[in-house]
Amino acid sequence: MKKLIITMAVITSMLAYLMSSCYKNKEDIQALPQVSFRADVVPIMVAGGCGCHNNGIATRAVQFSHADTIYYDAILARVGLLDSWVNGGTHPGAGSVEFTSTQKNIVKTWIAQGAKDDGGGCTVNGTITYITNILPLYTTTCKGSTCHGGIALNLDYSTMVNKKSVLQAMMASSGNSGHTGPVLSLSSCTVKLFNEWIAQGQPQ
Amino acid sequence: MKKIPLMYAITVFLTVMLMSASLLQCTKEGDIIKNLDRSYTGSSDSAVYSSFYEENTVATADVVPDVNDVIKFRSVQTIVHEYCATSNCHGGPIAPKFDSYTDIMKYVTAGNPDGSKLWEYITTNNFNNAMPPVNSNHELTITDKSIIYNWIKNGAKERPDLNDFRPAAVQLIASGCGSANCHNQATATGGWARAGLLGPLTTADTSQYIYINPITGAQTNYCQLSNPAKLNTVWTAYKDSVKKFYADVIANASFRPWKKFSSPRSAASTRGPLNSYDDIIIDIMYPKSIRSSGSVQYTDPITTYTYYVNSNFLNATSTLISRIDSTLLLANPSTGVYATSPQADMAYGDGGLKSHEIALIKAWYFADPNIPTVWKYGNANAGIFKYIKTGKIIKQ
């Protein structure tokens with residue numbers, strides 16, 4: 001009798017433990033794992049000590065970061081170029097710049113999953129001015145020796161005002177049309193900011 | 001009919017219930033999980049620096065390791081701690097422990113990821129064996145899997161060595177410094193090509209760049225040789241002449257590299273290419289400041305060509321390490337005279353190397369037997385690198 005009681009106690013304990021354990025295997029997962037822009041992609045985009053994309057000065061190449069600030073828009077706008085590169089192409093700026101096979105795999109997967117930013121959204125409120133809001137964005141995401149200010153038109157305030165309809169077309173399509181150069185992928189943050197600036201009369 | 005004791009019946013009932021519960025518990029199901037793919041699609045990638053510990057101090061560090069003496073990258077131990085050794089799992093009540101190198105090595109076959117239990121747990125698509133448990137919604141990222149994969153593949157060592165430092169450092173330099181308008185073949189060989197070494201060029205051989213200074217508005221037009229085959233032809237010929245000349249500067253005087261990077265000939269020099277391991281070694285052994293001195297070193301009496309190449313390749317006041325590490329002073333290897341201030345302009349002036357990247361490059365530099373001893377420790381181990389803080393001279 002004593003033996004039976006002990007056996008039952010052991011079995012009951014095991015059952016209780018199993019039912020309450022961390023292996024709740026009947027549950028579905030909440031979501032499929034995604035490549036993280038911040039954790040996986042950013043370290044690739046800002047790596048390489050002398051890399052021209054993270055020196056905070058858009059004199060040689062379009063900027064992807066400066067210090068701790070990541071320019072998601074600048075990277076997103078070049079998804080098409082990145083996609084070509086990781087699928088057999090080369091670095092758009094030539095040279096010996098090359099992703100490792102692991103980095104290519106990460107970038108490829110990130111693009112396939114929608115090239116999203118997991119770093120949070122943006123808030124656009126108050127008066128939006130060219131000097132305070134538009135110029136910093138333009139400087140960090142549009143300027144470069146092979147982009148605006150280099151091989152393409154430099155967009156100062158008056159030019160940007162004159163190109164209002166072009167900007168509107170670009171924002172209406174998130175960069176898919178309207179841009180004289182290659183097709184862009186503008187983030188919702190950028191679109192929101194430019195639309196609000198235009199709506200406010202493009203204040204300087 | 002035989003009478004079954006009540007307690008016996010209850011025991012059998014509970015046992016069956018336990019077994020059923022176990023089986024049911026082990027069934028992963030759901031609309032999302034059916035699309036989960038945990039397999040690793042990458043491959044061995046030695047350029048991914050993978051170390052067991054988060055921090056490793058370079059062998060030549062200052063008395064108290066300085067800021068550029070600690071190699072710090074995301075590590076295997078950190079990843080295992082985050083995903084496995086949490087306080088409610090293998091870092092707490094659940095065995096086995098996944099804490100120390102010894103603990104983890106029980107599940108690793110060095111050099112063979114596919115034969116390692118650790119690798120199987122984190123990549124298997126048999127969800128019943130998966131770790132972390134798939135329904136914990138805590139899957140390892142591709143980056144983390146690649147770190148573990150390469151660490152095992154590279155030998156699963158407790159501390160990294162040259163085989164870990166070199167590919168990562170070369171990737172860092174070649175990819176970070178070798179863009180089209182920096183330390184690239186195109187910047188160095190374009191002038192040579194224009195000087196006629198390749199014969200007539202077509203527009204297909206070159207790329208055009210326009211730069212407008214954002215402050216002054218001044219426009220500069222760049223034209224670079226971009227045909228890879230022609231770039232290699234010119235650059236290989238240049239490197240050969242450098243190697244031959246310095247092998248014996250008297251006997252091989254005719255191989256003295258003739259620098260003509262622009263027309264008319266100018267002392268102004270372009271950046272030395274750092275496109276490959278060989279380029280980097282050349283740049284260390286014969287620094288660009290020696291290969292293309294700022295003043296005329298020799299004038300050919302017949303051709304009147306002026307050469308900017310210094311015959312004494314050790315008479316240098318700048319080298320790769322001194323240009324990236326601000327904690328060190330360089331002594332001219334020929335004269336033994338130390339600089340009075342650090343350079344490190346490549347660490348801060350053009351995008352910047354991070355401290356842990358500088359440390360990685362240093363670890364490789366002093367471990368690599370292909371870098372001549374004189375460029376590490378000077379002549380007769382007198383030393384050429386001195387820490388500013390303590391005055392410690394790096395010696396063999």
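The model is predicted: local features need pLDDT of at least 70, side-chain atom pairs count only at pLDDT 80 or more, and totals for chains, interfaces and linings use all residues. Residues are numbered from 1 along each chain as its sequence is written, while chains are lettered from A and ligands numbered from 1 in the order in which they are written. Chain A has nine helices and two strands, and chain B has 14 helices and eight strands. Helices (H or I, at least four residues) and strands (E, at least two) are DSSP runs, numbered from the N terminus.

**Chain composition**

- The elements of chain A, read from the N terminus, follow the order α-α-β-β-α-α-α-α-α-α-α.
- Of the 204 residues of chain A, 34% are buried; a residue is buried if 20 or more other C-beta atoms lie within 10 Å of its own, exposed if 12 or fewer, and partly exposed in between, with C-beta atoms placed from the backbone.
- In chain B, 39% of the 396 residues are buried.
- Among the contacts in chain A with a separation of 6 or more, 63% involve residues 24 or more positions apart; two residues are in contact if their C-beta atoms, placed from the backbone, lie within 7 Å.
- For chain B, 62% of the contacts between residues at least 6 apart in sequence join residues at least 24 apart.

**Helices 8 and 9 of chain A**

- Helix 8 (residues 164-172) of chain A packs against helix 9 (residues 188-199) of chain A at an angle of about 145°, and their axes are 10 Å apart. Axes are lines fitted to C-alpha atoms, for helices over the stretch in contact, and angles run from 0 to 180 degrees between N-to-C directions.
- The two helices of chain A, helix 8 and helix 9, cross in a left-handed manner, meaning that the near helix is turned anticlockwise from the far one by less than a right angle.
- Helix 8 of chain A contributes A:K164, A:L167, A:Q168 and A:M171 to the contact, and helix 9 of chain A contributes A:V191, A:F194, A:N195 and A:I198.
- By class, the residues of this contact between helix 8 and helix 9 of chain A are five nonpolar, two polar and one charged. Ala, Val, Leu, Ile, Met, Phe, Trp, Tyr, Cys and Pro count as nonpolar, Asp, Glu, Lys and Arg as charged, and the others, Gly among them, as polar.
- Helix 9 of chain A has twelve residues and spans 16 Å from its first C-alpha to its last, close to the 16 Å expected at 1.5 Å a residue; the expected span is 1.5 Å times one less than the number of residues.
- Buried residues in helix 9 of chain A are A:T190, A:L193, A:F194 and A:W197. They lie on the same side of helix 9 of chain A because they cover an arc of only 90° around the axis, the arc being that of the directions from the helix axis to the C-beta atoms.
- The exposed residues A:S188 and A:A199 are on the face of helix 9 of chain A turned away from its buried side.

**After helix 9 of chain A**

- A:G201, which follows helix 9 of chain A, has a positive phi near 90°.
- A:Q202, in the segment after helix 9 of chain A, has a positive phi near 55° although it is a residue other than glycine.
- With 17 other C-beta atoms within 10 Å, A:Q202 is partly exposed.

**Helix 9 of chain B**

- In helix 9 (residues 277-285) of chain B, the buried residues are B:D279, B:I280 and B:I282. They share the same side of helix 9 of chain B because their arc around the axis is only 160°.
- The cover over these buried residues of helix 9 of chain B includes helix 6 (162-177) and helix 8 (228-247) of chain B.

**Loop residues of chain B**

- B:T141, in the loop between helix 4 (117-123) and helix 5 (142-153) of chain B, is partly exposed, with 17 C-beta neighbours inside 10 Å.
- Apart from neighbours within four places in sequence, B:T141 is in contact with A:S36, A:A39 and A:D40.
- B:A344 lies in the loop between strand 7 and helix 12 of chain B and has a positive phi of about 60° although it is not a glycine.
- B:A344 is buried, with 20 other C-beta atoms within 10 Å.

**Cis peptide bonds in chain B**

- The peptide bond joining B:A95 and B:P96 is cis, with omega about 0°.
- The bond from B:M131 to B:P132 is also cis, with omega near -10°, and B:P132 lies in the loop between helix 4 and helix 5 of chain B.
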